[in-house]
Structure formats: C-alpha cells, structure tokens
Amino acid sequence: MKKAVVLRFPGTNCEFDTEYALKKQGFDVEIVWHKEETLPECDLVVVPGGFSYGDYLRSGSIARFAPIMKAVAKYANEGGYVLGICNGFQILTEAGLLPGALKRNNNLHFISKMQHIKVVNNDNKFLSKCKVGEVLEVPVAHADGNYYIDDAGLEELKKNNQILVRYCDENGNPMVLNGSVEQIAGVCNKNKNVFGLMPHPERAIELILGSTDGVKMLEGLAS
Amino acid sequence: MKAVVNVYLKEGVLDPQGKAAHHALESLGFKGVNDVRIGKQIVIDLDATSKEEALKEVEKMSETLLANTVIEDYNIEIVE
C-alpha cells in the first residue's frame with residue numbers, strides 16, 4: 001500500500017479533508033506534526049491548506065522554517081513527490097521548493113467559491129490522469145493566491161512545461177480571478193516532483209461536494 | 001540598539017492595498033496624489049556592539065525571513 005504523509009502546522013485546517021481524500025485513493029495516511037525532524041518512509045508528502053502560524057508576516061513564511069521542512073526539502077531534493085495545496089503552495093514557494101511567490105489578491109477579498117481551472121500540462125505525475133485543455137471545477141478559498149513571477153521566470157516555466165493549471169471560465173476561456181500572472185493557479189518545479197496549487201482538489205471528490213474533478217488530480221499521484 | 005526594517009513590494013509589482021488607499025484618498029478630495037505604496041515596518045530591539053554589526057545581522061534577518069525578495073524590497077535603518 002502506498003503511504004502519504006500529511007503535514008500539520010499550528011493553524012493547518014485541511015489535514016483531515018486531505019487525509020480522507022488520500023485514503024479514498026488507497027493511500028495509507030499519516031499526519032505528521034511540524035516539530036518532527038524526520039519523515040516516515042513514504043511515497044508522497046502533502047502540505048495541506050490552512051493558516052499556518054496565523055499567516056503572520058507573510059503566508060507560509062514562518063512555517064517554512066519549521067523543523068519538518070528541512071526533512072521535506074531533503075525528500076524533495078532526492079526526487080520524492082511533494083504536493084502543496086493552498087497554504088501548502090505558499091509554504092513551498094516561501095521555502096524555495098517552487099518558483100514565484102503568492103501575493104494578496106488584487107481585489108483584496110478572501111475569495112471562496114467553486115472555480116474552473118484548465119489543465120495546461122500533463123507530462124507530470126500529478127496531472128497524468130487529466131487531459132491538456134481539460135476544464136475542471138474545484139473550490140478555491142484564499143486571500144493570498146495572486147501568483148507572481150518575473151518575466152524571466154515565466155519564460156522558464158513555459159519552456160519546461162511547469163505551469164499546471166490556469167483559472168478560466170466554464171468554457172475554458174482565460175479568467176482573471178485574483179490577479180495571478182497569466183491566470184496561473186498551480187505550478188511544479190523543474191524536476192516535476194514538487195507541485196503547488198491554490199485550488200483544493202481534496203474538496204472536490206464526491207458529488208455531494210459539488211464536483212468530483214479533484215479525484216482525477218489525486219489519482220495521478222496514487223498511480 | 002534598535003533597527004527599523006521597511007519592507008515594500010518591488011517597483012513594478014502591483015500593490016493592491018496601495019492602489020485601494022490611493023483611490024480612497026482621491027475620493028476624499030485629496031489632490032495631486034501620484035502613487036501610494038503600502039509596506040510594513042518591523043522594529044527590532046537587538047544586542048549589538050556597533051552599528052555595523054547590527055546592520056549586518058539585520059540584513060541577514062531580512063534576507064532570511066523578514067522580506068520575500070521574489071516580490072519585496074527592504075531597507076534598514078539603525079537607530080541608536
């Protein structure tokens with residue numbers, strides 16, 4: 001059985017949803033406290049959503065220095081799969097494991113709603129079960145989801161197929177949600193083993209939640 | 001010794017809070033406001049024997065934690 005580790009910081013609040021969603025994908029799941037210095041042997045590490053350390057200073061800026069993050073960086077640098085969702089994405093950019101940064105939404109609102117996103121690249125394990133151009137519906141819930149990267153960095157992302165998903169309308173046309181550069185909603189690192197996105201796939205896994213599109217996004221990592 | 005660190009979004013990175021304050025100032029009738037940038041000020045009380053030492057230490061703090069240099073610039077003022 002594949003094993004996933006879900007991290008928990010003070011202020012994390014999506015660890016149980018993430019655990020539930022991963023278990024449905026057949027993972028054995030262990031929640032690991034941020035003060036641990038080592039990771040158990042596992043096939044995937046998920047940095048879940050929430051408000052680690054109250055988002056003080058900048059979202060993710062303090063969590064990235066938690067003891068467990070050294071082990072996560074080592075795990076990622078050795079090729080291990082890491083997925084950051086929402087606050088997890090912010091933590092991974094702050095830690096330098098993913099390029100760019102997440103700023104306050106342009107309209108200054110906390111945006112919480114169902115959102116369409118378009119798959120940009122699927123030549124990675126995370127989105128391997130999705131089709132390029134496919135439109136998925138997944139919830140977003142964030143105040144600091146405005147992805148920023150400079151022009152040179154953006155070119156790099158494009159050249160290496162590192163853009164995972166973009167915000168769009170229901171027909172797949174580009175849509176400005178929060179001010180992100182080129183409507184970017186998620187990216188991966190150059191080696192394609194570290195993934196980060198603002199939308200919450202773990203909240204779109206059963207029809208009663210309004211969408212099951214999140215399943216496709218988690219199936220890839222479970223395969 | 002006290003160090004004052006000012007952290008701002010980089011020139012060219014849109015500052016939505018500054019923009020909102022700018023609009024508010026204009027609608028209140030303030031004229032001639034060209035730009036508003038909102039940053040944060042971090043005041044640090046630290047043990048250091050010289051200004052140089054303090055500056056070096058606070059620079060390290062800024063690069064490591066206080067600013068995210070992907071999107072932010074900072075300046076440091078050492079106040080005795």
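This is a predicted model: local features need pLDDT of at least 70, side-chain atom pairs count only at pLDDT 80 or more; totals for chains, interfaces and linings use all residues.
Two residues are in contact here if their C-beta atoms, placed from the backbone, lie within 7 Å.

**How chain B is built**

Chain B holds two helices and three strands. Read from the N terminus, its elements follow the pattern β-α-β-α-β. The three strands come together as an open sheet in the order β2-β1-β3, with antiparallel pairing. Strands β2 and β3 of chain B sit at the edges, each pairing on one side only. From one strand to the next, the twist averages 20°.

| Element | Residues |
|---|---|
| β1(B) | 2-9 |
| β2(B) | 40-45 |
| α2(B) | 51-66 |
| β3(B) | 72-79 |

How many bridges join β1 of chain B to β3(B)? Eight bridges link these antiparallel strands. To find your place in the pairing, look for Tyr8(B), which stands opposite Asp73(B) of β3(B).

Now turn to helix α2 of chain B, which lies across β1, β2 and β3 of that chain. Its direction is at about 155° to β3(B).

**The overall form of chain B**

Taken along the principal axes, the C-alpha atoms of chain B fill a box of roughly 50 × 25 × 15 Å. The radius of gyration of chain B is 16 Å, whereas a compact globule of 80 residues would have one near 12 Å. Of the 80 residues in this chain, 15% count as buried. Contacts also reach along the sequence: among those between residues at least 6 apart in chain B, 63% join residues at least 24 apart.

**Where the chains meet**

Eleven residues from chain A and nine residues from chain B take part in the contact. On the side of chain A that touches chain B, there are three nonpolar, four polar and four charged residues.

**The nonpolar cores**

In soluble globular proteins, nonpolar side chains tend to be buried together. The largest nonpolar core in this model has 71 residues. Ala4(A), Val45(A), Val82(A), Leu83(A), Leu92(A) and Leu164(A) touch the most other members. Which residues is Leu83(A) in contact with, leaving aside its neighbours within four places in sequence? They are Leu44(A), Val46(A), Phe126(A), Phe195(A) and Leu221(A). A second, separate core has seven residues, among them Ala3(B), Ala54(B), Leu66(B) and Ala67(B).

Definitions and conventions. Residues are numbered from 1 along each chain as its sequence is written. Chains are lettered from A and ligands numbered from 1 in the order in which they are written. Two strands pair if DSSP finds at least two bridges between them. Helices (H or I, at least four residues) and strands (E, at least two) are DSSP runs, numbered from the N terminus. Axes are lines fitted to C-alpha atoms, for helices over the stretch in contact, and angles run from 0 to 180 degrees between N-to-C directions. The radius of gyration is taken over C-alpha atoms; the globule rule is 2.2 Å times the number of residues to the power 0.38. A residue is buried if 20 or more other C-beta atoms lie within 10 Å of its own, exposed if 12 or fewer, and partly exposed in between; C-beta atoms are placed from the backbone. Ala, Val, Leu, Ile, Met, Phe, Trp, Tyr, Cys and Pro count as nonpolar, Asp, Glu, Lys and Arg as charged, and the others, Gly among them, as polar. A nonpolar core is a set of buried Ala, Val, Leu, Ile, Met, Phe, Trp, Tyr and Cys residues joined through C-beta atoms within 7 Å.
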